[in-house]
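Please open the structure in your viewer and keep the selection panel at hand.

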Amino acid sequence: MATDVAAEIETANDDSAALIRVENLKKYFPIHKGVFSKLVGQVYAVDGISFHIKAGETLGLVGESGCGKSTVGRTVLKLLEPTAGSIHIKGEDITALPPAGMLAYRQQMQMIFQDPFASLNPRMTAGNIVGEPLIIHGIGNATERQDRVAWLFERVGLRPERMFAYAHEFSGGQRQRLGIARALAINPELIICDEPVSALDVSIQAQIINLLMDLQEEFKLSYLFISHDLAVVEHISHRVAVMYLGRIVEMTDKTSLFEEPLHPYTEALLYAVPIAKSGARNRTRQIVEGDVPSPINPPSGCHFHTRCPYAVARCRTEEPKLREVKPGHLTACHIHDRKVTLPLAPPEA
Ligand code: SF4
C-alpha cells in the first residue's frame, strides 16, 4: 500500500529534481510503564507521509497543534530516528546513516526553531552563536569566521557591532534574525522552519517572513515551512501539505489549496481564518466540532471520521489513500475516490 501511495504522489508531482524526497515516513514514540518498563502503547506522531521539495521551493506543512508536523521536521533532519520509511537528499538515501555519516548532510540542512530565545545559548555571545556551525564543520580560520559572522549579521538586518552582545540583549524579532543567521552560516540548501514566527508580534512576523523570502531568492534556498497559521503559510509557500493526526490529508499548489480545497479538514481549517481571497469562503460554512483525538489511540479508518460532517460507514473502517484527484492535487478522502466534488453543504442529519 505504501508503494502505491508513493507512486501516486510521484505521478502527481514531478520530483525528478527533488532536493529532498521523503517516502512513507513514520515516527512512533513507545510508551513504557512500570518498574520493568513494559511497552504499553505508542504515540503515532507521524504515520506514513510522503513528499518532496525542489531546489528553491517552499513546501508549507500546516495543521493543528499536536498533528505531528514538528516531529516531521525533526525526523527529516534525523534529530529523531525514523521508525520506518526513507529520506533521500539529492537521490542519496540517508535514512540509515549513523550520526558521523550525517555531518556532511547536516551542512546542507539546517533548522530555525519556534522559540528563538530557548534555542540560543545564553552564555555565548551572539557572534559565537552564529559562528558556531562554522567551527563544527571546520570552515575557515578565526579571522575568516569573524568576517563571515559580520556579513551574516548585516545580511539578516543586524548591526555587526552587536556580535559581542548576549541573546537576552536582543528583542524577539532580533533573536529570530540571529537564528536565521546561524542557520545560513554554512550555506545550507534546505532550511526546516518550525513555526519560526508564531512567538513573535504580528508586525515583526511580516518582517521575518519577508526576510526569509528575500534570502530564498538570493541563495536559492528550499524551505519546509511548518506552521499552524494558514495566512502565513499562504504568503510564503509554493505548495502546501495539510496534516491531520500524523498523516497528510491534502497536498497541492497553494492557489488550488486556498481556492479549491478538496478535503473536509482543509475546508474547516480555511473557514476558521480570515483569508479574504480564499474561494473556500464562498462555500457553505462548516464547523468541525470536537478536539483532535489522541495520537496514542487514533480513530480507525480515516482519522478524521470522528469530526467529519460527511463521514459514512466506510470512513470508519478503511483508510483513504492520498491520491491525485486533479492534476497535481492530492487528497485522502473516500468522497473523491469516485471523482466527485464535495457537496456544498453537509448531508442532512
Ligand atoms: Fe470525511 Fe470520510 Fe473523507 Fe474522512 S474519508 S474526510 S471521514 S468523508
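**Before starting**

This is a predicted model, in which local features need pLDDT of at least 70 and side-chain atom pairs count only at pLDDT 80 or more, while totals for chains, interfaces and linings use all residues. Residues are numbered from 1 along each chain as its sequence is written, and side-chain values use heavy atoms, with hydrogens and water left out.

**Stop 1: a hairpin**

Select residues 18–33, which are strand β1, and residues 38–54, which are strand β2. Strands (E, at least two residues) and helices (H or I, at least four residues) are DSSP runs, numbered from the N terminus. The two strands run antiparallel and are joined by 13 bridges; strands count as paired if DSSP finds at least two bridges between them. Together β1 and β2 form a hairpin with four residues between them. Select Gly-34 in the turn, where phi is positive, at about 80°. Which residue of β2 is the bridge partner of Arg-21? The partner is His-52. Val-22, in turn, has Phe-51 of β2 as its bridge partner.

**Stop 2**

Strands of a sheet pair through backbone hydrogen bonds, either parallel or antiparallel. Between β1 and β4 there are five bridges, and Lys-26 stands opposite Ala-84 in β4.

**Stop 2: the eight-stranded sheet**

Another open sheet has eight strands in the order β6-β7-β8-β3-β9-β10-β12-β11, and its pairing is mixed. The edge strands are β6 and β11 (323–326), each pairing on one side only. On average, neighbouring strands of this sheet are turned by 20° against each other, direction ignored; the axes are lines fitted to C-alpha atoms, and angles run from 0 to 180 degrees between N-to-C directions. Select β11 with strand β12 (residues 329–331): three bridges hold this antiparallel pair. Arg-323 stands opposite Thr-331 in β12.

**Stop 3: the ligand and its cavity**

Select the ligand, which 13 residues surround (a residue is near a molecule if one of its heavy atoms lies within 4 Å of it). The closest are Cys-302, Cys-308, Cys-315, Cys-333 and His-334. This shell has 10 nonpolar, three polar and no charged residues (Ala, Val, Leu, Ile, Met, Phe, Trp, Tyr, Cys and Pro count as nonpolar, Asp, Glu, Lys and Arg as charged, and the others, Gly among them, as polar). The space taken by the ligand is the largest cavity, with a volume of about 80 Å³. On a 1 Å grid over the protein atoms alone, a cavity is a set of points where a 1.4 Å probe fits but cannot get out, and a pocket is an open set with protein on both sides within 12 Å along at least five of seven lines; lining residues have an atom within 4 Å of a point.

**Stop 4: the largest pocket**

Finally, select Leu-79, Arg-106, Met-109, Gln-110 and Met-111, which lie nearest the centre of the largest pocket among its 15 lining residues. The pocket holds about 370 Å³ of space, a volume being the space filled by probe spheres set on the points. β6 (109–112), α4 (126–136) and α6 (172–184) each supply at least two lining residues. By class, the lining has nine nonpolar, three polar and three charged residues.

Note on methods: Sits in = over half its atoms within 2 Å of the grid points.
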